[in-house]
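Subject: Structure handover

Dear colleague,

I am passing on the structure below, together with notes on what was found in it. Please have it open while you read.

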Amino acid sequence: MIDQGREKGHERFCHAQLDKLGEIALWVHQYRRFWNTSLDKLEALLRNEDEQTK
């Protein structure tokens, strides 16, 4: 995502390709939604089992 630009002496000039961040944000959102749903279901299951064993 960072374009290695040109060098000038001991300095290196780069620029970020921020247009790719949207793709990453979408990917993260999909997995966040998946894990939140899965963990909510697991929590409900564990609470139900805990209540049954009391």
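This is a predicted model: local features need pLDDT of at least 70, side-chain atom pairs count only at pLDDT 80 or more; totals for chains, interfaces and linings use all residues.

Residues are numbered from 1 along each chain as its sequence is written, and side-chain values use heavy atoms, with hydrogens and water left out.

As for the overall layout, the protein has one helix and two strands, in the order β-β-α from the N terminus on; helices (H or I, at least four residues) and strands (E, at least two) are DSSP runs, numbered from the N terminus. The mean pLDDT, which is the predictor's confidence in each residue on a scale from 0 to 100, is 86 for the protein, and 85% of its residues reach 70 or more. Confidence is lowest in strand 1 (residues 2-8), with a mean of 58, and highest in helix 1, with 95. Of the 54 residues in the protein, buried ones make up 0%.

Turning to the aromatic side chains, two aromatic pairs are counted, under the rule that rings of Phe, Tyr and Trp (its six-membered ring) pair if their centres lie within 6.5 Å, with planes under 30 degrees apart counting as stacked, over 60 as edge-to-face and the rest as tilted. The pair of Trp27 and Tyr31 is tilted, because the ring centres lie 4.9 Å apart and the planes stand at 45°. Trp27 and Tyr31 are four residues apart in helix 1, so about one helical turn separates them, and Trp27 is exposed, with a relative accessible area of 51%. The rings of Phe34 and Trp35 have their centres 5.0 Å apart and their planes at 75°, which means that this pair is edge-to-face. Phe34 is partly exposed at 45% relative accessibility, and Trp35, which has its place in helix 1 (residues 21-53), is also partly exposed, at 48%.

With kind regards

Note on methods. Buried means under 20% relative accessible area, exposed over 50%, partly exposed in between (1.4 Å probe, protein chains only).
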